[in-house]
Amino acid sequence: MCGIVGYVGHRPALDVVISGLRRLEYRGYDSAGVALAIDGELWTEKRAGKLANLEAAVAEAAPPPPPATTGIGHTRWATHGGPTDRNAHPHVSSDGAVAIIHNGIIENFAELREELAREGIELLSETDTEVAAHLVALELPRCAGDLAEAMRRVCRRLNGAFTLVAVDASRPDVVVGARRNSPLVVGVGEGESFLASDVAAFIEFTRDAIELGQDQVVEVRREGVEVTDFDGNPAEVTPFTVDWDASAAEKGGYDLFMLKEIAEQPKAVADTLRGRIERDGTLRLDDMRITPAELREIDKIVVVACGTAYHAGMVAKYAIEHWTRIPVECELASEFRYRDPIIHPRTLVIAISQSGETMDTLMALRYAREQGARVLAICNTVGSTIPRESDAVLYTYAGPEIAVASTKAFLTQIVAAYLVGLYLAQVRGNKFGDEVRQILDELEEMPAKVDLVLDTVEGVRKIARELADSPSVLFIGRHVGYPVALEGALKLKELAYMHAEGFAAGELKHGPIALIEEGMPVVVIVPSPRGRSVLHDKIVSNVQEVRARGARTIVVAEEGDESVVPYADHIVRVPPCPTLMQPLVSTVPLQVFACEMATAKGHDVDQPRNLAKSVTVE
Ligand code: M6R
């Protein structure tokens with residue numbers, strides 16, 4: 001939550017910062033602001049609302065922005081204080097010396113605010129951030145104007161989660177950042193340096209980046225970077241190279257990032273499989289730093305994740321239990337550590353997160369490690385906190401996901417979790433090599449099948465437009481179709497702002513069927529009629545039950561499954577595939593459905609209200 005950019009170099013800082021904010025706007029869009037440091041002065045501009053408001057204000061500013069080559073910028077997802085101009089970042093100290101931007105929550109801000117009041121400093125905003133600006137400015141003269149040292153002294157006094165980035169009017173050759181429990185990466189260019197919440201902000205200028213660790217302060221200048229811990233001791237850092245380029249974070253001819261990301265799914269699935277399957281069918285998971293011997297000792301798996309990633313974990317539970325016979329629990333990360341879960345050194349915790357920064361998931365994995373569990377991250381973002389704090393990581397190679405609603409992340413998280421399940425089955429001997437090979441073959445066929453679905457979604461768009469005025473939509477499924485139903489409902493809630501709920505189809509008769517009234521759309525995920533046909537037959541009965549009560553049914557069913565046709569008001573076809581593979585095709589029409597409905601309602605699909613892409617507060 002919140003996007004942060006800092007720049008020092010040889011280019012016009014305003015342009016670099018605004019272009020960085022444009023790429024980070026998906027992290028929060030309640031307000032935006034910039035501060036430039038030049039010739040002993042700070043120039044700031046900030047505005048409530050989207051970045052476009054700030055850009056308009058900058059264009060009309062009097063005096064106009066100076067030609068500074070050092071600056072910081074922020075896009076906000078509001079926590080303390082409403083989304084107003086006054087609460088927008090940067091916040092400037094009362095002496096005008098220091099401008100600061102922040103992502104996170106400073107938990108002891110009330111007490112610090114009182115301390116500042118006693119010093120006669122009146123705060124102008126309702127934010128927790130502003131205290132940090134005044135505290136850094138108060139420290140500066142006490143440490144000979146050393147901004148990094150002032151930042152360290154202040155950070156030692158702060159509780160909570162924070163990334164802070166500051167500039168000092170009198171030292172326009174330096175930008176200082178600090179992080180605890182919130183993301184911050186460094187970009188290293190030729191004669192220029194960057195700080196940002198994620199690499200997308202500076203990818204057009206450099207792909208050389210540095211991961212920062214927990215409780216570190218970084219001072220960036222044109223010529224280089226210096227990192228210490230909060231006590232001033234030199235800190236070890238991990239350089240990395242970003243393996244995608246700026247075009248991956250552009251719309252590439254699509255009207256919406258979400259449409260582009262839906263279309264990228266065949267490639268994302270293929271990339272997540274690539275290089276991990278040997279010719280003889282054995283799996284090689286390079287970053288699996290947990291040894292086969294340790295994996296053979298595992299007697300329980302707990303998946304922790306949030307939102308869409310949680311639904312991917314629910315799908316994975318069916319597959320991993322089936323293949324390995326290890327019990328799998330799937331937990332909402334935000335609930336996990338508060339219920340005294342039974343975790344021990346033979347528990348494998350799988351933390352699934354696209355961003356690698358979701359605070360609820362991070363806190364769950366830290367708790368699990370404290371209890372002695374081994375933690376494996378499934379993550380899409382190299383250099384992020386969750387993989388760094390895990391024992392092992394399996395990256396999904398989905399490329400940057402910019403639309404707030406997850407699409408390609410979901411499919412690749414399922415694929416990665418399946419690879420973990422098959423790897424466990426392989427090292428523990430639960431399955432013969434040829435059985436694992438056969439499932440891997442099925443997985444390798446999925447990119448082409450997802451492509452087929454993409455070719456046939458026009459009909460889904462039409463249905464979505466027809467149903468756009470419905471007050472409510474229900475989704476039902478069984479087995480892996482149940483988490484798909486939950487995911488379909490989540491997409492509709494977050495994009496179309498309408499009531500939508502997913503149910504296990506068998507649960508309807510235990511209560512929710514009372515919701516059905518004449519004309520209510522019910523989306524039904526029908527499993528393959530082959531193999532587990534009991535499952536199929538049961539859901540065919542459920543479609544009839546809702547239809548008998550007036551529901552308008554939208555049935556997602558395999559090509560060639562004619563048994564559902566009499567009960568379908570609308571039918572959406574997906575290619576035949578084994579039950580466990582079906583989520584990879586049946587989710588796609590639901591993504592398109594939500595996207596089209598939101599478009600029909602005139603909503604901002606890529607940046608839905610009240611949300612942010614990366615949720616870095618609890
Ligand atoms: O970055 P993460 O995968 O940890 O994010 C978890 C959820 O916030 C996320 O999946 C969210 O539910 C989706 N953006 C919804 O589409």
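In the predicted model, helix 1 (residues 13-24) lies across strand 1 (3-8), strand 2 (31-38), strand 4 and strand 10 (192-196), running at about 155° to strand 1. Helix 2 lies across strand 2 and strand 3, at about 135° to strand 3. Contact means heavy atoms within 4.5 Å. Residues are numbered from 1 along each chain as its sequence is written. Local features need pLDDT of at least 70 and side-chain atom pairs pLDDT 80 or more, while totals for chains, interfaces and linings use all residues, and side-chain values use heavy atoms, without hydrogens and water.

Eight strands form an open antiparallel sheet in the order 3-2-4-1-10-9-11-14 (pairing requires at least two DSSP bridges between two strands). Neighbouring strands are turned by 15° against each other on average, direction ignored. Strand 11 (residues 208-211) is joined to strand 14 by four bridges, and Ala-209 has Phe-240 of strand 14 as its bridge partner.

Helix 3 (residues 109-118) and helix 4 (residues 129-139) pack at an angle of about 50°, with their axes 10 Å apart. The contact is made by Phe-109, Leu-112, Arg-113, Glu-115 and Leu-116 of helix 3 and by Val-131, His-134, Leu-135 and Leu-138 of helix 4.

Ala-62 is placed in the loop between helix 2 (51-60) and strand 4 (70-76). With 76% relative accessibility, Ala-62 counts as exposed (over 50% relative accessible area, with a 1.4 Å probe and protein chains only). Ala-62 and Asp-271 are separated by 209 residues in sequence and by 50 Å in space, C-alpha to C-alpha.

Note on methods. Axes are lines fitted to C-alpha atoms, for helices over the stretch in contact, and angles run from 0 to 180 degrees between N-to-C directions. Helices (H or I, at least four residues) and strands (E, at least two) are DSSP runs, numbered from the N terminus. Buried means under 20% relative accessible area, exposed over 50%, partly exposed in between (1.4 Å probe, protein chains only).
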